[in-house]
Amino acid sequence: MATMADVARSAGVSVATVSHVLNDTRPVLPHTRQAVLDAVEELGYTPNSLARSLVTSRTRSIGLAVSAISNPYFTEILQGVEAAALEHGYSLLIADPHDDPVHERKVVQLLHERRVDGMIVAPSADPRELIAYLGRHKVPTVLLDRVVDAPADDSTRFDQVCADSAEPMARLVTHLAGLGHRRIALVAGLPGLSTTSERRTGYRDGLAAAGLTYDGDLVVHGDSASAGAEQATAALLSLASPPTAIVTANNAMTIGALRALRDRGLSVPDDIALCCFDDFAWADLFSPRLTAIAQPSRDIGAQAVRVLLDRLDSPDRPARSVRLPCTFVHRTSCGCAEQPRRSGGSAGPEQAMWSEKAMRSEKAMRSEKVPGSQRPAEPEWSARPENPDGTAEPSSSDSPEQPLRSVKGTVS
C-alpha cells in the first residue's frame, strides 16, 4: 500500500507539501499541487482520514438527525443530503430522533461526541433541550424542514432550510373552493411543529381568499401519522354536517384518511374530494390519482448541506433562513377531469387546464357576492402537467440549479 512518503518521492516534493495539498492547510503552487495529485492517482494512495482529522481538526463528516426515515419525504431529503455531502467530500452519520424531545437530545449528543463537523437536524415539536445543547456547545447546525424561533434573549440563531408551507396550502383550499366546495376540512399535523402551524395558517388564508368562514369543527389533528389521521378523518365524517372536501397536511396522513374513507364506503372524488400536502412516488397509482403539493425534498437536503458548509467556512456570518418553492401537481382526486395531453407527448404548461366543470365552478365563485369581503387574486402557481406514462413533467422548481424563491437574512 502506497504511503505519503511514496507520493512525495514520486512528485519530487516533501512529505509536508503532500500533506498541505491533501489537507488544504496551506497554499501550494498550482503545478506542484497537480504533481502531487497525479502521484496520488498513479500510486492509488488512500489518505488516512483519522490522521487528517488530527491535522485539520475536522473529520469531514456531517451528522443528520431526522425522524421517520421510513417516510418517503424524509427519505428523499436524506438522498439530497447524502449526494451533496459526497460531492463535497463529506461522509454522513445518521440518527432517528423519533420526534421525541428527550431522544432527540440524546442522539444529537452522540453525533456531537463522534466529532462531526456540523449537523443537520429536523427538530421535534419541543426542541428546547436540543437548541440549548447546540447553542451551549456552539455546534454548527442547520435546522431542516421545521422552523424554530430564535430565543427571546437573541443568544442563539441557527441557519434554517425548508419549503414554503402556508401559500401552497392556501392554493389547495382555493382550488377546492373554486370547484364549488364550501365545507373544506383540514387534517393537520402534530401540534407544536412549525409545518403544522404554517399549514393551518395557509388553510385559513385559503378560506378567507375564497370568502368562506372558518369552522373549527372542520380542523382535526392527525398528529402527522397514518393512524392518527384515520381517527381524525372518521371524526370529520361523523359530524352532523360533514365536509365535502378534505385536505391532508402530509403524505402519511393521506394514507390514513384514505383508509377511513374506504372503511365507510366513500368514493373519491365522487362522494368527497381529497387533496394532500406532500406528493409521493405512488400518489399517481391511486384511483383516483392524488392532487398534491410537491415539496422539493432532494433540493431541501442538498441546500441544507451547502448552507452548513458555508457556516463551517464562515462561522461568524449571519444566520440564514432559506425557503424553497413547492409545486402544485394537478391530478383527479380533487374532482377535476384528466388534463388534456398533446398528441405524441406531454402537455405543455400552457395546456395544463382544468375541466369545463372546474372552470365553470371557479367562474361562478368569482362572481358570487360575499358580504363584506372580496376574493383576492390567487397566488401565481403552475399546475404541473404529466406525461402519458403518468410521470410528472419537470418544472422549474424541480431543478437544484434554479434560483431559490427567497433567501432571507437573520431568522426572526
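This is a predicted model: local features need pLDDT of at least 70, side-chain atom pairs count only at pLDDT 80 or more; totals for chains, interfaces and linings use all residues.
Reader: OK, and what percentage of the residues count as buried?
Author: Of the chain's 412 residues, 50% count as buried.

Reader: What about secondary structure, how many helices and strands?
Author: The chain has 13 helices and 13 strands.

Reader: And of the contacts between residues at least 6 apart, what share join residues at least 24 apart in sequence?
Author: That share is 71%.

Reader: How far is the sulfur of Cys336 from the closest cysteine sulfur?
Author: It's 3.6 Å from the sulfur of Cys334, which is too far for a bond, because a disulfide needs the two sulfurs within 2.5 Å.

Reader: Is Cys336 buried or exposed?
Author: Cys336 counts as buried, with a relative accessibility of 4%.

Reader: Let's move to H11. What's its span from first C-alpha to last?
Author: Helix H11 covers residues 251–263, 13 residues in total. It reaches 19 Å from the first C-alpha to the last, close to the expected 18 Å.

Reader: Which of its residues are buried?
Author: Asn251, Met253, Thr254, Gly256, Ala257, Leu258, Ala260 and Leu261.

Reader: And what covers them?
Author: The cover includes helices H5 (72–87) and H10 (226–237). Strands E6 (184–188), E8 (245–248) and E9 (273–277) are also among the elements covering the buried residues of H11.

Reader: You mentioned H10. How far apart are Ala227 and Gly256 in space?
Author: Ala227 lies in H10, and Gly256 is one of the buried residues of H11. Their C-alphas are 5.8 Å apart, though the two residues are 29 apart in sequence. Ala227 is partly exposed, at 49% relative accessible area.

Reader: Back to the ends of H11. What does the Asn250 side chain do at the start?
Author: A side-chain oxygen of Asn250 comes within 3.3 Å of the backbone nitrogen of Ala252.

Reader: And which residue with a positive phi follows the helix?
Author: Gly265 follows H11, with its phi near 70 degrees.

Key:
Residues are numbered from 1 along each chain as its sequence is written. Side-chain values use heavy atoms; hydrogens and water are left out. Helices (H or I, at least four residues) and strands (E, at least two) are DSSP runs, numbered from the N terminus. The expected span of a helix is 1.5 Å times one less than its number of residues. Buried means under 20% relative accessible area, exposed over 50%, partly exposed in between (1.4 Å probe, protein chains only). Contact means heavy atoms within 4.5 Å. A polar contact is a pair of N or O atoms within 3.5 Å; within protein, one must be able to donate a hydrogen and the other to accept it, and residues adjacent in sequence count only if both atoms are side-chain atoms.
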